[in-house]
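Hello,

Here is the structure for you to look at. Open it first, then read my notes below.

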Amino acid sequence: MRVLFIGDIVGKPGRTMLSERLPLLKMHYAPHYVIVNGENAAHGRGITKKIVEDFLAMGIDVITMGNHTWDNRSIMETIVDEPRLLRPINFPPGTPGSGVATVTSSIDPDLPPLAVVNVMGRSFLPPLDDPFRALDDVVNRLIKEGIRHIWVDVHAEATAEKQAIGWYLDGRASAVVGTHTHVQTADARILPGGMAYLTDVGMTGPMNGILGMEREGVLARFLTQLPSRFEVYEEGPRELSFVVVDLDEKGRATSIERGRIVEDAHAEGWTVNTADTAYHVFTHALTNAPVNASTGGLTVSTDVSTDPSAEDKP
Ligand SMILES: [Fe+2]
Ligand SMILES: [Fe+2]
């Protein structure tokens, strides 16, 4: 079973990048499940009912959120009506919506179901309920129900908190992949208990803003400490950040591959990944597919980790 997970979709640039590139990713990786983080999809702030509907119509199975979940208040109704839209599970009891969804593959309904859990860290973020106890409750319940394929999106700022949650769930969850920092980390691996781990998958949106937002507003905040409104950076090249994980029938990860599609990067003076020898750049499968002429070339870089001992695990 193969799962494709795409990081924080930022505004219209992120949404258009997703709609243009998802067919190519599906063609190349043939995932059975697709998950996206949508907390910044509506102009950087939350998500709307229309965007939720558009994402589901693209074949996305589950949408996770984060600290921007409630930026559009109308979502409070949508999140009750649409169980495939998640908010972090460790909001206080009584919060609308759910932090977990169990879905069946539309590609192959005979495959085991996939449970997706969304949780938020507490370091440098609002003090929600304890993520560790919340995960204990939901993951142990899922296992008791016979669900073996469990994907966890840890929406958190601190690397240590994400790693701690990763090690805490190794042997119980299938994958722990982080979101929220908008920058992909280079630490994709499979932990000894058979769980895929990546601290942050990175974002999908404009590359030349600051975390996808206009530089002027972010710089003004840093330089003056005065409040300033952040707008999505609408111009220039975009990136799409993703991770692909293969799971065996028992829910253990056998391979994790992180990747980024970066468009027009060299045209704007960017150099991509030249300092990162762990990357190997391949362009064959994705660039042979039709590419929008107006957006020019693509750079696709991925890094694969496999677990050679996976077969021997009990
Ligand atoms: Fe966030
Ligand atoms: Fe985000």
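**The sheet and its helices**

Strand β5 (residues 114-120) and strand β6 (residues 150-155) run parallel and are joined by 6 bridges. Within this pair, valine 119 stands opposite valine 154 in β6. Strands of a sheet pair through backbone hydrogen bonds, either parallel or antiparallel.

A word on the source. This is a predicted model: local features need pLDDT of at least 70, side-chain atom pairs count only at pLDDT 80 or more, and totals for chains, interfaces and linings use all residues. Residues are numbered from 1 along each chain as its sequence is written, while chains are lettered from A and ligands numbered from 1 in the order in which they are written.

Helices (H or I, at least four residues) and strands (E, at least two) are DSSP runs, numbered from the N terminus. Two strands pair if DSSP finds at least two bridges between them.

Now the whole sheet. It is open and has 6 strands, in the order β4-β5-β6-β7-β9-β8, with mixed pairing. The edge strands are β4 (100-103) and β8, each of which pairs on one side only.

Two helices come next. Helix α4 (residues 131-144) lies across β4, β5 and β6, and runs at about 170 degrees to β5. Helix α5 (residues 159-169) packs on the sheet and touches β6, β7 and β9 (196-198). The direction of α5 makes about 165 degrees with that of β7. Axes are lines fitted to C-alpha atoms, for helices over the stretch in contact, and angles run from 0 to 180 degrees between N-to-C directions. Two residues are in contact if their C-beta atoms, placed from the backbone, lie within 7 Å.

**One side of α5**

Which residues of α5 are buried? They are Glu161, Lys162, Ile165, Gly166 and Leu169. They cover an arc of only 140 degrees around the axis, so they sit on the same side of α5. The arc is that of the directions from the helix axis to the C-beta atoms. An α-helix has 3.6 residues a turn, so residues three or four places apart point the same way. The buried residues of α5 pack against α4, β6, β7 and β9. After α5 comes glycine 171, whose phi is positive, near 95 degrees.

"Buried" has a cut-off: 20 or more other C-beta atoms lie within 10 Å of the residue's own. Exposed means 12 or fewer, and partly exposed is in between; C-beta atoms are placed from the backbone.

**Annotated binding sites**

UniProt (unreviewed entry) gives the annotation "binding site" to Asp8, Glu39, Asn40 and His182. These residues span 175 residues in sequence, yet no two of their C-alpha atoms are more than 11.4 Å apart, so they gather at one spot. UniProt positions are given in the numbering used here, feature names are shortened, and annotations may be inferred rather than shown by experiment.

Asparagine 40 lies in the loop between β2 (33-37) and α2 (49-57). It counts as buried because it has 30 C-beta neighbours inside 10 Å. Histidine 182 is in the loop between β7 (175-179) and β8 (189-190). With 22 C-beta neighbours inside 10 Å, histidine 182 also counts as buried. Leaving aside neighbours within four places in sequence, the contacts of histidine 182 are Asp8, Gly202, Met203, Leu211 and Gly212.

UniProt (unreviewed entry) also places "binding site" at Glu39, Asn67, His155 and His180. They span 142 residues in sequence, yet no two of their C-alpha atoms are more than 10.0 Å apart, so they gather at one spot.

Glutamate 39 lies in the loop between β2 and α2. It has 28 C-beta neighbours inside 10 Å and so counts as buried.

Is asparagine 67 buried or partly exposed? Asparagine 67 is partly exposed, because 17 other C-beta atoms lie within 10 Å. Its place is the loop between β3 (62-64) and α3 (75-81). Not counting residues up to four places away in sequence, asparagine 67 touches Met120, Leu125, Pro126 and His155.

**The whole protein**

The protein has 7 helices and 14 strands. Of its 314 residues, 46% count as buried. Among contacts between residues at least 6 apart in sequence, 66% join residues at least 24 apart.

Best wishes
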